[in-house]
Amino acid sequence: MSQPKTKKETEDLLELYRQMLLIRRFEEASAKAYSMGKIGGFCHLYIGQEAVGVGAISALEEKDYIVSTYRDHGHALARGLEPKSLMAELYGKKTGIVSGNGGSMHFFDKKKHFMGGHGIVGGHISLAAGIAYASKYREDGAVTLCFFGEGAANIGSFHEGMNLAAIWKLPLVMICENNHYAMGTPEYRALSVKDVSVRAAAYDIARDHIEGDEVRKVREHVKVAVERARRGEGPTLMEISTYRFRGHSMSDPAKYRTKEELEKYKQGDPLIKAEKDLVSAGWAQEELAKMDEIILKTVEESVDFAEKSEEPPLGWLYKHVYAENV
Amino acid sequence: MAVLTYREALNRAMTEEMEKDPNIFLMGEEVGHYEGAYKVSQGMLAKFGEKRVIDTPISENGFAGVGIGAAMVGLRPIIEFMTWNFSLVAIDQIINSAAKMNYMSAGQFPIPIVFRGAGGAGGRLAAQHSQSFESWYAHIPGLKVLAPYTPSDAYGLLKTSIRDNNPTIFIESEVLYGSKGEVPEGEFLIPMGKSDIKREGTQLTIVSWSRALMYVLPAAEKLAKEGISVEVLDLRSIRPLDEEGILASVRKTNKVLIVEEGWNVAGFGAQVAYLIQKEAFDYLDAPIERITQEDVPMPYAANLEKSSLPSEEKIIKKVREMIK
């Protein structure tokens with residue numbers, strides 16, 4: 001996609017850039033807190049993949065649904081979930097988005113139609129088909145967007161979910177964020193295809209494949225799939241190629257890849273790309289720096305909020321094991 | 001009072017609930033056009049149409065997940081597994097998604113879903129089609145597990161399950177579908193976590209559920225003729241468990257035999273035995289005994305199948321030993 005030409009286009013890119021930068025800074029703060037032992041469990045960072053989540057989610061309406069993976073921080077922030085409650089969740093505090101019950105892999109926000117981060121690779125794909133199924137059942141016009149990695153494209157739930165979505169023409173957009181490594185296993189050792197989206201052919205559904213380094217391009221392509229779903233023409237399988245700059249999780253030093261490879265991908269950092277486009281469209285570097293400062297402050301406040309929040313009371317241990325019958 | 005088969009009672013429960021609530025749908029293999037592999041959904045497609053009685057491909061992981069996803073946004077699916085043996089390929093969805101969603105989301109996403117279908121042993125179906133999974137599912141917090149024996153209990157408990165806001169594992173014994181029993185006219189519900197004394201007695205309590213009662217009840221009848229009075233407690237609800245009901249019976253009879261169709265090791269009966277020794281130890285006049293399926297995959301040969309399962313003879317022999 002070419003650089004923004006009009007003022008409107010430039011402002012549009014600025015907003016998307018702001019969202020990507022928020023994710024980047026939030027993740028950097030998460031990494032720091034994790035290193036200090038403040039955050040437990042696994043912590044899968046989204047750094048490097050921001051253009052995919054921000055671009056894709058910006059193609060949605062409020063009524064649409066998002067189903068995410070264990071790498072859900074970026075998707076949640078792109079959907080507009082509060083950084084404070086997300087950071088507090090990472091800290092395991094009662095003020096967290098799910099009161100400390102979920103942690104990094106299980107952000108949920110019903111109001112925002114954010115249908116969860118799910119920890120079993122690919123297991124969530126048939127859930128996403130179910131949410132889309134409900135939209136068709138109720139004719140509510142909503143589309144469900146499901147993110148997964150290329151590692152999930154080999155699990156049964158992926159194939160079963162795709163087949164069911166295809167035969168029932170569900171309003172579902174499946175986005176494979178291919179970051180080329182399923183934990184430490186490179187894609188060429190695990191995938192029978194070079195492009196996950198070609199598997200759409202096996203289910204006779206639409207497909208698309210793009211590079212995920214330009215946020216507006218991602219949005220344009222996802223929009224096409226979302227509109228197709230909304231028209232009742234069924235699901236789309238997209239592959240959006242991207243790269244994570246950090247390891248699989250905070251506990252992964254990522255020794256299975258070379259420094260050269262990492263450096264090569266860093267040249268395609270979606271934030272640097274967007275920043276360059278903004279500057280060449282006439283946006284002042286100082287203003288961008290000012291925006292960064294505001295974002296850093298927001299993130300600092302979220303850390304401060306998480307630090308100061310209380311842990312959930314022990315009496316909550318059994319809360320929510322079962323839903324009450326009203 | 002109407003006499004219904006077990007399958008008719010289940011059908012009546014689903015039909016009545018679906019008439020009331022448009023959010024309920026039935027989904028599974030062969031539930032629609034074929035009218036159910038065991039004919040439980042007979043007539044339902046004609047009544048409710050393809051939107052609400054949905055045939056699926058052979059795809060348990062997929063359609064279990066679809067049901068859970070639909071429940072996340074407020075629908076109330078009934079998912080039929082043709083047999084519980086096939087639920088094993090959906091077990092990730094049942095355990096990792098259905099059972100935990102409400103907890104992981106801090107109460108934002110209850111999963112009001114019923115997973116139901118044929119379970120247990122029977123009909124020389126051999127190792128992969130003859131298994132009781134009550135203990136497996138009862139192990140998981142977040143799930144409720146029911147295993148009714150009579151048509152009346154099947155009706156009342158299925159209605160309760162459909163109205164419950166939690167994922168329910170509803171195990172129907174495949175050899176019971178044709179069994180008949182009186183089902184009271186008019187609508188009634190049976191609460192979960194309430195056992196039923198199927199036969200009153202004074203000398204020994206047999207705790208059992210589902211198809212195993214087919215052996216227990218005639219055994220108790222024969223023992224009565226020998227002058228041995230056995231109380232038969234049908235759990236009906238495995239989780240939640242009627243602890244008080246069990247303990248009350250044990251305090252009355254002072255002896256307990258647990259009969260289950262499932263395997264012995266880590267079987268649910270072991271949990272019942274633990275409960276009794278912990279809460280009613282002083283009331284026991286004999287060690288708690290168990291009769292279970294033998295610890296083998298189910299054999300095909302008729303004689304071996306029979307010998308691997310609980311039976312009237314085994315129960316009578318064990319009770320005589322315990323009463324001595």
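Predicted model: local features only at pLDDT ≥ 70, side-chain atom pairs only at ≥ 80, totals over all residues.
Residues are numbered from 1 along each chain as its sequence is written, chains are lettered from A and ligands numbered from 1 in the order in which they are written. Local features need pLDDT of at least 70, side-chain atom pairs count only at pLDDT 80 or more, and totals for chains, interfaces and linings use all residues, while side-chain values use heavy atoms, with hydrogens and water left out.

**Exercise 1.** Find the order of the 6 strands in the open sheet of chain A, and say which strands stand at the edges.

Solution. Helices (H or I, at least four residues) and strands (E, at least two) are DSSP runs, numbered from the N terminus. Two strands pair if DSSP finds at least two bridges between them. In chain A the order is β2-β1-β3-β4-β8-β7, with parallel pairing. β2 (114-117) and β7 (206-211) of chain A each have a single partner strand, so one side of each is left without a neighbour in the sheet. From one strand to the next, the twist averages 15°; axes are lines fitted to C-alpha atoms, for helices over the stretch in contact, and angles run from 0 to 180 degrees between N-to-C directions.

Next, take one pair of strands. β3 (residues 144-149) and β4 (residues 172-178) of chain A run parallel and are joined by 6 bridges. Within β4(A), A:V173 is the residue opposite A:L145.

α5 (residues 124-138) of chain A lies across β1 (65-68), β2, β3 and β4 of chain A, at about 175° to β3(A).

**Exercise 2.** Describe the open sheet of chain B that has 5 strands, and name the helix that packs on the sheet.

Solution. The strand order is β9-β11-β10-β13-β14 (chain B), and the pairing is mixed. β9 (196-199) and β14 (289-293) of chain B are the edge strands, each pairing on one side only. The twist in this sheet averages 25° from one strand to the next.

β10 (residues 204-208) and β11 (residues 230-234) of chain B pair in the parallel sense over 5 bridges. Here B:T205 has B:E231 in β11(B) as its bridge partner.

The helix is α12 (residues 312-323) of chain B, which touches β10, β11, β13 (256-263) and β14 of chain B. Contact means heavy atoms within 4.5 Å. The direction of α12 makes about 150° with that of β13(B).

**Exercise 3.** Describe the interface of chain B and chain A by its residues, buried area and polar pairs.

Solution. Start with the residues: 49 of chain B are in contact with 40 of chain A. The buried area (accessible area, 1.4 Å probe, that two parts lose on being put together, summed over both) is about 3500 Å², with carbon and sulfur atoms giving 60%.

Then count pairs. The interface has 26 residue pairs in polar contact, both residues at pLDDT 80 or more. A polar contact is a pair of N or O atoms within 3.5 Å; within protein, one must be able to donate a hydrogen and the other to accept it, and residues adjacent in sequence count only if both atoms are side-chain atoms. Among the elements of chain B that each supply at least two residues to the side touching chain A are β2 (24-28), α3 (60-72) and α4 (91-99). α3(B) gives the most, with 10 residues.

**Exercise 4.** How many salt bridges are there over all chains, and how many between chain B and chain A?

Solution. A salt bridge is a side-chain nitrogen of Lys or Arg within 4 Å of a carboxyl oxygen of Asp or Glu. The count over all chains is 47, and between chain B and chain A it is 0. One of the pairs is B:R163 with B:E17, whose closest N and O atoms are 2.8 Å apart. B:R163 is in α7 (residues 151-163) of chain B and B:E17 in α1 (residues 6-20) of chain B, 146 residues apart.

**Exercise 5.** Locate the cis peptide bond between B:R239 and B:P240, and the residue A:S99 with positive phi.

Solution. Most residues other than glycine have a negative phi, and most peptide bonds are trans. The bond joining B:R239 and B:P240 is cis, with omega about 5°. B:P240 is in the loop between β12 (237-239) and α9 (243-253) of chain B. A:S99, not a glycine, has a phi of about 55° and is in the loop between α4 (83-90) and β2 of chain A.
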